Amino acid sequence: MAILEVENIEKSFGTLQVLQGISFSLEKGESMAIIGSSGSGKTTLLRCLNFLERPDNGKIMVKNEVIFDASDPCTQRESEVRKKRLHFGLVFQNFNLFPQYTALKNVTLAAELLAKERPDFKKEKKTILKEIQEKGKMLLAQVGLSDKEDYYPHQLSGGQQQRVAIARALALEPDILCFDEPTSALDPELTGEVLKVIRNLAERNTTMVIVTHEMDFARDVADRIIFMDDGVIVEQGTPEEVFGNPKEERTRQFLTRYNNGS
């Protein structure tokens, strides 16, 4: 059964239509890579999934529950947005860490804030916060940063900051982990360390949607590829189908440009 179903999502900014009739599904444990040129709508799609943008049309379902329906105002209440965002962990292009907090605090902060809303928080505060700290340390170890938990963002390389951002996104145990060009802000020598973490997550069957320009990585790691162009899904299939035998001319042209280094 699909953990995520997206039906006919559309989004415009003024007269510019950025997404047109976007539909796809994602199975639990599956990694999906979304590829395409800049301006094709990839980032906007992720922002719609995470409710940073509100679609103009369409429906989003997670675990067979409608969490957004453009025709149903009840699914669009602002009071419900934060709760619905918990389904998605989003790793941004530019890290977005809080500079005043250590790596560990960046990872645990959201969980600590949510814990304060628990009815048993006052009574069990010490135990709850200790559990959150231990989990944060475990996640930093998972991304190879157990020795950096007391470092501040300015003391970390770009690759290390992005790995902290991945640990932060994992901290609330989202159903789906989303990456928006996670290596685009990194120097080439730091890209590999971030991609290695994502590869490890794929091997653990983490459900992921990855917007990326790293074609070799997408081919090797993703279970399914979506190619977008001008706000539409032109083609989707397995890496072998999309990279090895694309059916659409626009897909072939895009891959030719990539292979030629343009």
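Guide: Gladly! Let us begin with a term we will need: angles under 35 degrees count as roughly parallel, over 145 as roughly antiparallel, 65 to 115 as roughly perpendicular and the rest as oblique. Please keep in mind that this is a predicted model.

Our part is helix H5, which runs over residues 158-170. With 13 residues at 1.5 Å a residue, H5 should span 18 Å, and its end C-alpha atoms are 19 Å apart, which agrees. Is H5 mostly covered or mostly open? It is mostly covered, as 13 of its 13 residues are buried.

Now for the neighbours, starting with helix H3, residues 103-115. The axes of H3 and H5 cross at roughly 25° and come within 8 Å. Because angles under 35 degrees count as roughly parallel, H3 and H5 are roughly parallel to each other. The crossing in which H3 passes H5 is right-handed. On the H3 side, the contact is made by Ala103, Asn106 and Val107, and on the H5 side by Val164, Ala167 and Arg168. Sorted by class, the residues where H3 touches H5 are four nonpolar, one polar and one charged.

The other neighbour is helix H4, residues 121-142. Here the axes of H4 and H5 are 9 Å apart, and the two helices pack at an angle of about 135°. Leu139, Leu140 and Gln142 in H4 meet Val164, Ala167 and Leu170 in H5. This contact of H4 with H5 has five nonpolar residues, one polar residue and no charged ones.

To finish, let us zoom in on one residue, leucine 139, which sits in helix H4. Is leucine 139 buried or exposed? Its relative accessibility is 5%, and buried means under 20%, so leucine 139 counts as buried. Setting aside neighbours within four places in sequence, leucine 139 is in contact with Val107, Ala167, Leu170 and Ala171. Finally, leucine 139 and isoleucine 166 are 27 residues apart in sequence, and their C-alpha atoms are 8.9 Å apart in space.

Methods:
Residues are numbered from 1 along each chain as its sequence is written. This is a predicted model: local features need pLDDT of at least 70, side-chain atom pairs count only at pLDDT 80 or more; totals for chains, interfaces and linings use all residues. Side-chain values use heavy atoms; hydrogens and water are left out. Helices (H or I, at least four residues) and strands (E, at least two) are DSSP runs, numbered from the N terminus. The expected span of a helix is 1.5 Å times one less than its number of residues. Buried means under 20% relative accessible area, exposed over 50%, partly exposed in between (1.4 Å probe, protein chains only). Axes are lines fitted to C-alpha atoms, for helices over the stretch in contact, and angles run from 0 to 180 degrees between N-to-C directions. Contact means heavy atoms within 4.5 Å. Ala, Val, Leu, Ile, Met, Phe, Trp, Tyr, Cys and Pro count as nonpolar, Asp, Glu, Lys and Arg as charged, and the others, Gly among them, as polar. A crossing is left-handed if the near helix is turned anticlockwise from the far one by less than a right angle, and right-handed if clockwise.
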